[in-house]
Amino acid sequence: MQQSTKSNYRDFWRQLATLVAIFGAFIINVVSNIFPLNGLSIGEISNTLFKNVLIIPANYAFAIWGLIYLGLFAFGVYQALPNQRHEPDLRKTGYLLAIACVAQSVWVYLFLSRLFALSVIAMLLILLPLIGIYVQLEIGKKRVTRVMKWCIHFPIGIYLGWISVATIVNIACTLYFQGWNGWGISPVIWTLVMLSIATAIAAIILIQRRDMAYTGVILWALVAIALKHWNNPILRNTALILAIVLVLTATINSLRTQQEHI
């Protein structure tokens, strides 16, 4: 009985910490845009200080944060329900999402303070826990209820997808700020390499896990980069070709799945 009570308390505090961390990250994000530290918001810093960083998507792409937070709210509320307190999959993830959300709040402060090298560390502290959650939940490999898929798996897939993109962008911005010359390789080539790597990872996840949420986010970013650099044929065409590759991969994978169920 005593052991059960202790376990119950641990689960309750995990639920509460996760919910508070999610709403805390959201509040800090909103406040940082209304009352930006040092006078410039994250978007304004990107559009001024890092306007020459080619891998940054068009401004509209960042509207995906609305979808990310909607998913995180669903995750937070669902996992906080009393009947989910002892849910084995959620127990596996522990405090990982809370850590990611706290790291995100720290990242906002560091980026706005122009401590870009430290912001990369904070970004990795968002990315790594999300990867841990993704693996622990066996997203795309494990059959779950529709509610679990919409409230847990999809939100994590979308969040991880965008943070994967954000990590690449964050590192590129930091290197640009430090004056790195790319070992003599042109910024366009580096951008094409990074886009190709991101697309390859998304394709592998799509094939192995059939996760459309993660892949859809990468596709969203590729199109946004193509539109931003519409007057640069190399970047535009490469980004669009990679986007088409993902669409074709998703289509073939979907047809294969349908044949398996016939």
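The lining of the second largest cavity comprises, by class, 3 nonpolar, 4 polar and 1 charged residues. In this predicted model, that second largest cavity holds about 40 Å³ of space, and its lining is formed by Arg14, Thr18, Phe75, Gln79, Leu90, Thr93, Gly94 and Leu97. Helix H1 (2-34), helix H3 (64-79) and helix H4 (88-93) each contribute at least two residues to the lining of the second largest cavity.

A search of the whole structure returned 2 cavities of 30 Å³ or more, and the largest cavity has a volume of about 90 Å³. The largest cavity is lined by Ile55, Val165, Ile168, Leu195, Ala198, Ile218, Ala221, Leu222 and Ile225, with H7, H8 and helix H9 (212-228) as the elements that give two or more residues to this lining. The greatest contribution to the lining of the largest cavity is that of H9, with 4 residues. By class, the lining of the largest cavity has 9 nonpolar residues, no polar and no charged ones.

Helix H7 (146-177) and helix H8 (187-209) each supply at least two residues of the nonpolar patch, and the largest share, 4 residues, comes from H8.

How values were computed
Residues numbered from 1 in each chain as written. Predicted model: local features only at pLDDT ≥ 70, side-chain atom pairs only at ≥ 80, totals over all residues. Heavy atoms only, no water. 1 Å grid on protein atoms, 1.4 Å probe; cavity = no way out; pocket = protein on both sides within 12 Å on 5 of 7 lines; lining within 4 Å. Points joined across faces, edges and corners; volume = space filled by probe spheres on them. Nonpolar A, V, L, I, M, F, W, Y, C, P; charged D, E, K, R; others polar.
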